[in-house]
Amino acid sequence: MSRFFATGSDSESEESSSADEITPKAAGTNFKQSLLLSDDEEDTKRIVRSAKDKRFEELTNLIKTIRNAMKIRDMAKCLEEFEQLCRAFLKSKNIVDKEGVPSFYIRLLADLEDYLNQLWEDKEGKKKMNKNNAKALSTLRQKIRKYNRDYETEIASYKENPLESADEEEEKEQEDSGSSSDSDEEAGEDGVSAKSFLKKKPEGPSEASKFLKTAKGSGDESSSSEEDDDDEDEEDWGPDTDERDSESSDDEEEKSKSLATVFLKKAPGVDRAGDKKAGKKKKLKKKDRIGEEIEGEGEEEGGGGWEKVRGGVPLVKEKPKMFAKGTEINTTVVVKKLNEILQARGKKGTDRAAQIELLHALAAIAAEHNLGHGISVKIKFNIIASLYDYNPNLAAFMKADMWKKCLDCIDELLDILFEFNNIFIGENIAEDSENLNAGEQPFRVRGCVLTLVERMDEEFTKIMQNTDPHSQEYVDNLKDEGRVCGIIDRLLTYLENKGSTEEICRVYLRRIMHTYYKFDYKAHRRSLGLQGETKSEQDQEESEGEDSAVIMDRLCKFIYAKDRTDRIRTCAILCHIYHHALHSRWYQARDLMLMSHLQDNIQHADPPVQILYNRTMVQLGICAFRQGMIKDAHNALLDIQSSGRAKELLGQGLLMRNMQERNAEQEKIEKRRQVPFHMHINLELLECVYLVSAMLLEIPYMAAHEFDARRRMISKQFHHQLRVGERQPLLGPPESMREHVVAASKAMKMGDWRTCHSFIINEKMNSKVWDLFPETQRVREMLVRKIQEESLRTFLFTYSSVYDSISMQTLSEMFELEIPTVHSIISKMIINEELMASLDQPTQTVVMHRTEPTSLQNMALQLAEKLGSLVENNERVFDLKQGVYGGYFNRDQKGGYQQKQSYQRGMLTTKRMQSKGKETYQKGGYQQKQGGYQGGYQGGYQGGYQGGYQGGYQGGYQRGGYRNQNQGNY
């Protein structure tokens, strides 16, 4: 409301704004300036602030919001506000460059990082977070760690002296507020502005103390209650100065004094101590400063001590007392106390670490009072079970200290069992029938040490799965495998004397799983007749026990004979095959795989067994390749490599898929199935072996069937690599392994075996692939031999039409092969009707028969194929128009144009042909076993048994020309 109606207004708003009566304006007041102000200008309090104040106020507001979100653990809000804070700080870059990074900003960065680390370590608290908060926590933690790298020096200095930094911040804020108020002072010639009242200081300490909030007991006790009420009202309504020009000058002075006390710099001895205390209370949230500051504050306030508590679910404060004074310690009392401790197991809020400590203390008391080894064994069982329960999450792995304690406890338990033979343990022993008292009767304890060792082995696998394989920590953890194998060996010895057959099979399988994938270098050296270079190595070899092959053979054969479960026997067979293949015992591995018939039913096995089967097949294929069995190697590796998911099928990693195919829970399960890194098979070596095998098979086949339209692909992946190589506009020297194989394939296609050899075997390929084999030199020699032989076959297929005859001596010199080898290769090609030629023995030459179709004949055959497909399509359209569905496919009863199968695809399986009482195949004409243009038993272009294009059982073209005879001559 305007000041002109102030004297005549009796509204409630004016009456409530002040308790004093409204008086006319004093004579000394400047009316000229008052008349120039409008209502809007009067309602708005105008404050002139610098750019620095504006930017810093924006930052402090965002920091307050972040701290409030931290108090309620709203991580999503923290993340949102932190991103806004970063943007606001970026806008303030010019001011920060001049003034320096503000201390309150550094303080927030340090506090926020410590707060996030504390939340991250709190596993229980993380589980209770909702999905958005958990995701925001992870994102914000990564961002703050990355962001704080630019302020490492400032944060380090703040952490060294957090109290000083906080005090400097307060001083700086107060100085800033003082400087901003100084800059806002403006005085006119005729009068003083409203803001000038803010600079007025009280005349004496007695007046200032009237408006200041002092500590309890230090205020002015002489002031009346009415004056106190007026002061409070004036403080509350001080900032609202809408009607101060219409009041009396005395009232204005009182109001200005009450407002001035808000903006005045406080005396250092009066309120500074109170402000510091308030600042300290805010800092108490810092984890690393809690103890020291609370103690200091407790001393100042003279109160009692503070107790540090953990967030989340309240812990059980009262620990169960072990035993009261004067209690007689015997077996019954100790068992009762043990059951009391175990009752809290698994309950919400139970401190698992404290429970483990109590069990250790109970074991020490039992040993101190010589209660017998039965009670010691029972307590050990429960200690190991509590160590396994320390991580409630199944996917979590044991920490290093817990893992060491677990191994020590199992060793101690086995020591007791080996030392005292009168202790019987078993799962079938009921708790009521336990005998824990020392006496003549043997101890009987309920428990299964085999289950504990199996769980220990699984925990070791989880530790290796969750450790970075390229770190030193992985190597350190892997050193524990020797201790794990030692425990399994001790348990194996114990169970061989006291265990059942089923338990022996289970522990044998555990020992096999730690042996089957390891190459026995010392046994390999002994098989080659090599001895250790030094005397210590020779002594070590003599002192060692039997070879791994003997151990595997003994353990696996026991399982084959005694095991009653299919799973353990299947795993043992696969591990045995893997071990044979790893040590180049190809025939034993192949025979065991064929006799087991695992390939028939493996699809019904559980995923870990299927992964083991895939690993075994891959190792079998690599073994066949090392032995020179190229076709067997290709067949063994075909299923794994053609899928394009070799990494996933071998359990060596997960491929990126859509969430529709695999949800988060399935992904966790599949991660638990992964094989530890030290058991991985080199995927680049696997792919190289497969591609080289495919090259040695595919290139001669492509050369032999160059003009055959029905040519099938042996390896789709190999053809894909060839097409990728052909699409490249600029071909440079090969770099990757795949490029080397493609370049070698092109050279072999031209019959150039030397270039092919240089691409397959060179320094780069040796370091990547061939040096990884144990017998490197022998594998290289085998590869050179195979390349020479297949290049010879490719050369004869490609250039046989050019020659009338060719000397075997010339071929021997070209491909650097012995004449008997050349003679053998050409003879096989003639016998298999791959090469239409004959050998002239006296002159050692190969005489070509020129039975291959000429280029004109090949074009005519291709034209006939296309015409046939055109007629077939026309008949299909005609049948559909006539409405006769299926009539086209029943023409085999009438001897029509098309027989049961399509025009050119006369490849019936053996079972179908036998079911009709027909012969299996007929070698006929140019194309054997497939039926084609020269006819055959299945019917083709020149006819078949049920009538072809021109009919006839033997079906020649016009009963002459192409003869369908076994000799295949024209």
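This is a predicted model: local features need pLDDT of at least 70, side-chain atom pairs count only at pLDDT 80 or more; totals for chains, interfaces and linings use all residues.
Biologist: How are H17 and H19 oriented to each other, roughly parallel or roughly antiparallel?

Modeller: The axes of helix H17 (residues 331-343) and H19 come within 11 Å and cross at roughly 5 degrees. The cut-off for roughly parallel is under 35 degrees. H17 and H19 are therefore roughly parallel.

Biologist: How many nonpolar residues does the contact of H17 with H19 have?

Modeller: H17 brings Val334, Val335, Leu338 and Leu342, and H19 brings Ile375, Lys378, Ile379 and Asn382. By class, one residue of this contact is polar and one is charged. The nonpolar residues number six.

Biologist: H19 also packs on H21; what is the handedness of the crossing of H19 and H21?

Modeller: The axes of helix H19 (residues 373-388) and helix H21 (residues 449-465) come within 11 Å, crossing at roughly 25 degrees. That angle makes H19 roughly parallel to H21. The crossing of the two is left-handed.

Biologist: How many charged residues are in the contact of H19 with H21?

Modeller: On the H19 side the contact is made by Phe381, Ile384 and Tyr388, and on the H21 side by Val449, Leu452, Arg455, Met456 and Glu459. Six of the contact residues are nonpolar and none is polar. Arg and Glu belong to the charged class. The charged count is two.

Biologist: How are H37 and H38 oriented to each other, roughly parallel or roughly antiparallel?

Modeller: Helix H37 (residues 737-749) and helix H38 (residues 753-760) have axes that come within 8 Å and cross at roughly 170 degrees. Angles over 145 fall in the antiparallel class. H37 and H38 are therefore roughly antiparallel.

Biologist: How many polar residues does the contact of H37 with H38 contain?

Modeller: His740, Val741, Ala743, Ala744, Ala747 and Met748 of H37 meet Thr755, Cys756, Phe759 and Ile760 of H38. The contact has eight nonpolar residues and no charged ones. The polar residues number two.

Biologist: Is Thr821 buried or exposed?

Modeller: Thr821 sits in helix H42 (residues 819-831). Not counting residues up to four places away in sequence, Thr821 touches Arg785 and Glu789. The cut-off for burial is under 20% relative accessible area. At 15% relative accessibility, Thr821 is therefore buried.

Biologist: What is the phi of Asn370?

Modeller: Asn370 lies in the loop between helix H18 (352-368) and H19, and is exposed, with a relative accessible area of 67%. Most residues other than glycine have a negative phi. Asn370 is not a glycine, yet its phi is positive, about 55 degrees.

Biologist: Where is Gln844, which has a positive phi although it is not a glycine?

Modeller: The phi of Gln844 is about 55 degrees. Gln844 counts as partly exposed, at 29% relative accessibility. Its place is the loop between strand S4 (837-840) and strand S5 (845-848).

How values were computed: Residues are numbered from 1 along each chain as its sequence is written. Side-chain values use heavy atoms; hydrogens and water are left out. Axes are lines fitted to C-alpha atoms, for helices over the stretch in contact, and angles run from 0 to 180 degrees between N-to-C directions. Helices (H or I, at least four residues) and strands (E, at least two) are DSSP runs, numbered from the N terminus. Angles under 35 degrees count as roughly parallel, over 145 as roughly antiparallel, 65 to 115 as roughly perpendicular and the rest as oblique. A crossing is left-handed if the near helix is turned anticlockwise from the far one by less than a right angle, and right-handed if clockwise. Contact means heavy atoms within 4.5 Å. Buried means under 20% relative accessible area, exposed over 50%, partly exposed in between (1.4 Å probe, protein chains only).
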